[in-house]
Amino acid sequence: MTNPTPDNQEAIEKVRDLIKGIDTAMLTTVSEEGLVSRPMKTQDIEFDGDLWFLTKKDTEKFHELLQNRQVNVAYAGKSFVSIRGKAELVNSTEKLKELWNPVYEQLLETNYDDPNLVLIKVQAEAAEYWDAGNKFKMARFLFRRLMGKSNEGTNMNRTVELD
């Protein structure tokens, strides 16, 4: 990620807080038939504007990313976050080793020095989130909606630019 502006840094920190602790994300790619979403393990590193995932080169998602780098990553847990960005396929044994988790040995049936492994680096461009973790904000949001009032100012749902 390039040097963020203060506004971007604040947005990055908000998204980081919202996705922290969510183990699985849905990665959406573009295939010849249309959009395809798959569960991916979230890396145990702090979000800085980039997301990292592991895959194998002999998968459909790898070939889809060669054709179209536009992706979306969705998180659902204590909050709901949808991140739009561009994916880059990265061949780096050092980065694989840094991100490696023993769970991958069983999940992917391989180890970090497998030449068929590749990293997917998603450079986040924008994120939309629904901050469901704050019970007071959620109650206020729902109350205003039930009363037929505008939800402006509740900050429950926002779209932020990240790049």
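**Exercise 1. Work out what the salt bridge between Glu-125 and Arg-84 ties together in this predicted model.**

Step 1: Start with the contact. The side chains of Glu-125 and Arg-84 meet in a salt bridge, at 3.3 Å from N to O.

Step 2: Glu-125 lies in strand E6 and Arg-84 in strand E5 (residues 80–90), so the bridge ties together parts that are 41 residues apart in sequence.

Step 3: Look for shared partners. Salt bridges link Arg-84, Lys-86 and Glu-125 into one network.

Step 4: Check the burial of the pair. Glu-125 has a relative accessible area of 13%, so this end is buried, while Arg-84 comes out at 37% and is partly exposed.

**Exercise 2. Take the salt bridge between Lys-121 and Asp-50: which strands hold the two residues, and is Asp-50 buried or exposed?**

Step 1: The N to O distance for Lys-121 and Asp-50 is 3.8 Å, and the cut-off is 4 Å, so the pair counts.

Step 2: Lys-121 sits in strand E6 (residues 117–130) and Asp-50 in strand E3, 71 residues apart.

Step 3: Buried means under 20% relative accessible area. Asp-50, at 8%, is buried, and Lys-121, at 16%, is buried too.

**Exercise 3. Now do the salt bridge of Arg-16 and Glu-46: where in the chain is each residue?**

Step 1: Their side chains meet at 3.6 Å, N to O.

Step 2: Arg-16 belongs to helix H1 (residues 6–19), whereas Glu-46 is in the loop between strand E2 (35–41) and strand E3 (50–56); the two are 30 residues apart.

Step 3: Arg-16 is buried at 18%, but Glu-46 is exposed at 53% relative accessibility.

Step 4: For the overall tally, the model has six salt bridges.

**Exercise 4. Classify the ring pair Trp-100 and Tyr-104 as stacked, edge-to-face or tilted.**

Step 1: There are two aromatic pairs to pick from. In the one we want, the rings of Trp-100 and Tyr-104 have centres 5.3 Å apart and planes at 50 degrees, so call it tilted.

Step 2: Widen the view: Trp-100, Tyr-104 and Tyr-112 form one aromatic cluster.

Step 3: Trp-100 is buried at 16%, and Tyr-104 is buried at 3%.

**Exercise 5. Zoom out: how many helices and strands does the protein chain have, and what share of its residues is buried?**

Step 1: Count five helices and seven strands. Their order from the N terminus is α-β-β-β-α-β-β-α-α-β-α-β.

Step 2: Of the 163 residues, 42% are buried.

Step 3: Among contacts between residues at least 6 apart in sequence, 68% join residues at least 24 apart.

How values were computed: Residues are numbered from 1 along each chain as its sequence is written. This is a predicted model: local features need pLDDT of at least 70, side-chain atom pairs count only at pLDDT 80 or more; totals for chains, interfaces and linings use all residues. Side-chain values use heavy atoms; hydrogens and water are left out. Rings of Phe, Tyr and Trp (its six-membered ring) pair if their centres lie within 6.5 Å; planes under 30 degrees apart count as stacked, over 60 as edge-to-face and the rest as tilted. Buried means under 20% relative accessible area, exposed over 50%, partly exposed in between (1.4 Å probe, protein chains only). Helices (H or I, at least four residues) and strands (E, at least two) are DSSP runs, numbered from the N terminus. Contact means heavy atoms within 4.5 Å.
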